[in-house]
Amino acid sequence: MNAPLWCVVPAAGRGTRVGGSIPKQYLPLAGRPLILHTLERLASHPRIAGLMVVLGDNDAHWPGADLLYGKPVLTTLGGAERCDSVLAGVRALPPEVSDDGFVLVHDAARPCVREGDITRLLDLGMPAGGGLLGAPLRDTLKRADDAGRSEVTEPRDHRWRAFTPQMFRRGELSAALQVAYAAGVTVSDEAMAMERAGFAPLLVEGAEDNIKVTTATDFALAEFLLSRMK
Ligand code: CTP
Ligand code: MG
């Protein structure tokens, strides 16, 4: 598999759960915009050939990287939902990525992904036809009623949390996202679109510290995690 492997990086969200006037991907993390940490982690992976960053409309904060670790960083315009942004990114990939070639998708908001986990996803996910990083659920799982009281304890076995990167063949992913879009279904990740299309993405266990920076307090945690990885 020597086809050039690109990574689509959805970064067109507003970060409403963090709040503030700037989308979270541009807020400082250890002194630099969060998104630069994520892009550098991806670009420094020896098997990733280029990045397609998906930006929001009227994005005034994009720092404008166009080459990282000698690899091209292209941008395109996203949409209202994450899945719209990912579809736009997959469509905008250069023609050197064939329909049969694999594509990674990784949230801009996950700066702590480990190189070794990406490598394992590639090694295990390619022969499986596609897959995603995730982790089996550790905690006991409760279902709450409307009053916030625990109604029932859900079984934990076979339950996984889904992370990114997720990796699928360009043509199959693009088709699956389009079918979901046409059906009016907002898929929450690429694997969900693929499941709907009849695929069974391989779950590849990755480190739990591949957190998605979601709230304001996650910045301190991400800084701590990154400082330990250096
Ligand atoms: N994203 C995107 N396009 C959207 C929505 C989200 O590209 N229309 C991206 C975000 O920028 C982020 C990733 O998808 O990198 C994961 O989404 P999430 O963590 O939910 O980020 P936001 O949507 O920005 O945050 P929130 O849901 O709190 O508003
Ligand atoms: Mg969101």
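In which strand is P165 found? In this predicted model, P165 is found in strand β11. The peptide bond that joins T164 to P165 is cis. Its omega is about 5°. Most peptide bonds, by contrast, are trans. Strand β11 spans residues 160-169.

The largest pocket was examined next. Its volume is about 970 Å³. The lining is made up of 41 residues. Nearest the centre of the pocket lie A12, G13, R14, G15 and R82. Three elements, β1, α2 and β11, each supply at least two residues of this lining. By class, the lining has 15 nonpolar residues, 15 polar residues and 11 charged residues.

Where does ligand 1 sit? Ligand 1 sits in the largest pocket. Two elements give two or more residues to the shell around ligand 1. One is β1, which runs over residues 5-11, and the other is α2, which runs over residues 82-91. There are 19 residues around ligand 1. Of these, G15, T16, R17, K24 and S85 come nearest. G15 is also among the residues nearest the centre of the largest pocket. The shell around ligand 1 divides by class into six nonpolar, six polar and seven charged residues.

Backbone atoms of the protein approach ligand 1 at several points. A polar backbone atom of R14 is 3.1 Å from an oxygen atom of ligand 1. At A109, a backbone N or O atom lies 3.4 Å from an oxygen atom of the ligand. At R82, a polar backbone atom is 3.5 Å from a nitrogen atom of ligand 1. On its own, ligand 1 has 560 Å² of accessible area. The protein covers 89% of that area.

How many cavities of 30 Å³ or more does the structure hold? The structure holds one. The largest cavity has a volume of about 30 Å³. Its lining consists of C83, D84, L87, L177, A180, Y181, V185 and V187. The elements that give two or more residues to this lining are α2 and α4, the latter covering residues 170-182. By class, seven of the lining residues are nonpolar and one is charged, while none is polar.

N58 has a positive phi of about 55°, although it is not a glycine. Most residues other than glycine have a negative phi.

How values were computed
Residues numbered from 1 in each chain as written. Chains lettered and ligands numbered in written order. Predicted model: local features only at pLDDT ≥ 70, side-chain atom pairs only at ≥ 80, totals over all residues. Heavy atoms only, no water. Near = heavy atom within 4 Å. Polar contact = N/O pair within 3.5 Å; in protein donor to acceptor, adjacent residues only side chain to side chain. Areas by Shrake-Rupley, 256 points an atom, 1.4 Å probe, with all protein chains shown as cover. 1 Å grid on protein atoms, 1.4 Å probe; cavity = no way out; pocket = protein on both sides within 12 Å on 5 of 7 lines; lining within 4 Å. Sits in = over half its atoms within 2 Å of the grid points. Helix = DSSP H or I, 4+ residues; strand = E, 2+ residues; numbered from the N terminus. Nonpolar A, V, L, I, M, F, W, Y, C, P; charged D, E, K, R; others polar. Points joined across faces, edges and corners; volume = space filled by probe spheres on them.
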